Amino acid sequence: MHFQWYPGHMAKAKRSMQEDMKLIDVVIELVDARIPYSSTNPDIDTLAKNKSRVILLNKADMADQRYNNAWKEYFEEKGYFATLVNSKSGTGVKQVQEIVNKACQAKIDRDRRKGILNRPVRAMIVGIPNVGKSTFINTFVGKASTKTGNKPGVTKGKQWIRISKSIELLDTPGILWPKFEDQEVGLKLALIGSINDNIVNTTDLALELILLIQKTYPKVLADRYGLEVSSEVLDMKGAVKLLAQIAIKRSCLLKGGEPDVDRAGGLLIDDFRSIKLGNITLEVPPAKKKEKLSTEVKSQPEETIQPEENV
Ligand code: G4P
């Protein structure tokens with residue numbers, strides 16, 4: 001399966017974010033807890049040089065609990081401040097203020113030494129499309145906040161939202177694109193619905209989903225659809241067979257009684273996205289996969305996760 005999803009307006013968005021970076025102290029990057037590696041942005045390290053960094057593993061409610069903490073620790077080991085968040089319900093959002101303060105402690109101490117007390121830290125939310133930036137901002141901001149309006153000078157035209165005494169948030173989130181040259185990343189983004197479905201073949205996507213799920217959650221599909229599937233990791237031929245079985249079980253049949261794999265593919269993807277298959281995380285954090293997770297879940301092969309040194 002090959003993805004071509006280079007968004008034309010990326011350069012402009014990146015330039016505008018570069019400008020905004022000059023105004024802020026801390027970058028709060030939202031990633032999707034189901035694909036924490038694939039939903040991070042490769043440019044952010046350069047763009048946010050010298051800024052404090054916070055990673056929010058959003059949609060933690062949709063991801064596998066067993067991996068959530070492992071991913072949090074993974075990011076912490078890389079030197080980030082990280083926490084799990086469900087922006088929709090608000091779970092974990094309260095802790096973000098504390099994490100941001102911790103991430104900015106050096107700046108706060110510096111200000112204090114200069115005699116500047118209670119200057120709020122300025123934050124910007126960034127993340128790939130659909131990761132939950134607007135939802136998070138709405139929940140984080142809540143009712144208590146006030147728009148502080150335009151500020152004179154360098155911040156002309158920028159709206160800041162006062163979250164509390166200690167944080168101001170730039171009201172426009174920075175939209176970033178993930179590692180779009182990586183096909184494996186493209187596949188996972190399509191699965192979570194971050195790439196427009198029109199450019200992806202649903203049946204191919206469903207077959208790739210079967211392969212991913214079988215690797216890590218060998219019983220899930222059998223349980224959900226009542227199939228006789230072995231727990232062996234399948235190859236593509238096996239995935240096609242399995243999709244045909246799902247089609248039959250779900251009465252997705254063509255006129256002659258043949259399994260309608262296209263329709264079954266759509267159904268499978270919908271079931272995955274609406275968590276009817278359960279909480280599934282498609283990427284295993286590399287450092288922890290042997291120690292913590294091998295008894296429960298098969299780990300993915302190395303090549304499905306290629307963390308950069310500075311992720
Ligand atoms: P964006 O600004 O980064 O593009 O993302 P946005 O906030 O618009 O969120 C994209 C979708 O993800 C929305 O769903 C939103 O409700 C959902 N979402 C955001 N954060 C979370 C979370 O932590 N948990 C869950 N379960 N969902 C989350 P939608 O279907 O597009 O809209 P809606 O029908 O929910 O309003």
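This is a predicted model: local features need pLDDT of at least 70, side-chain atom pairs count only at pLDDT 80 or more; totals for chains, interfaces and linings use all residues.
Residues are numbered from 1 along each chain as its sequence is written, and side-chain values use heavy atoms, with hydrogens and water left out.

Around the ligand there are 14 residues, the closest being Asp61, Ser87, Lys133, Ser134 and Thr135, where a residue counts as near if one of its heavy atoms lies within 4 Å. By class, this shell holds three nonpolar, seven polar and four charged residues, with Gly placed among the polar ones. Helix H6, residues 133–141, contributes the most to the shell, with three residues; helices here are DSSP runs (H or I) of at least four residues, and strands (E) of at least two.

Turning to individual atoms, an oxygen atom of the ligand lies 2.6 Å from a side-chain N or O atom of Thr135, and one is 2.8 Å from a polar backbone atom of Lys133. The protein covers 62% of the 720 Å² of accessible area that the ligand has on its own, by the Shrake-Rupley method with a 1.4 Å probe.

Now to strand E1, residues 26–32, which is largely enclosed by the rest of the structure, because seven of its seven residues are buried, meaning under 20% relative accessible area (1.4 Å probe, protein chains only). E1 pairs in the parallel sense with E2, residues 52–58, over seven bridges, pairing being called when DSSP finds at least two bridges, and Glu29 stands opposite Ile55 in E2.

Conventions. A polar contact is a pair of N or O atoms within 3.5 Å; within protein, one must be able to donate a hydrogen and the other to accept it, and residues adjacent in sequence count only if both atoms are side-chain atoms. Buried means under 20% relative accessible area, exposed over 50%, partly exposed in between (1.4 Å probe, protein chains only).
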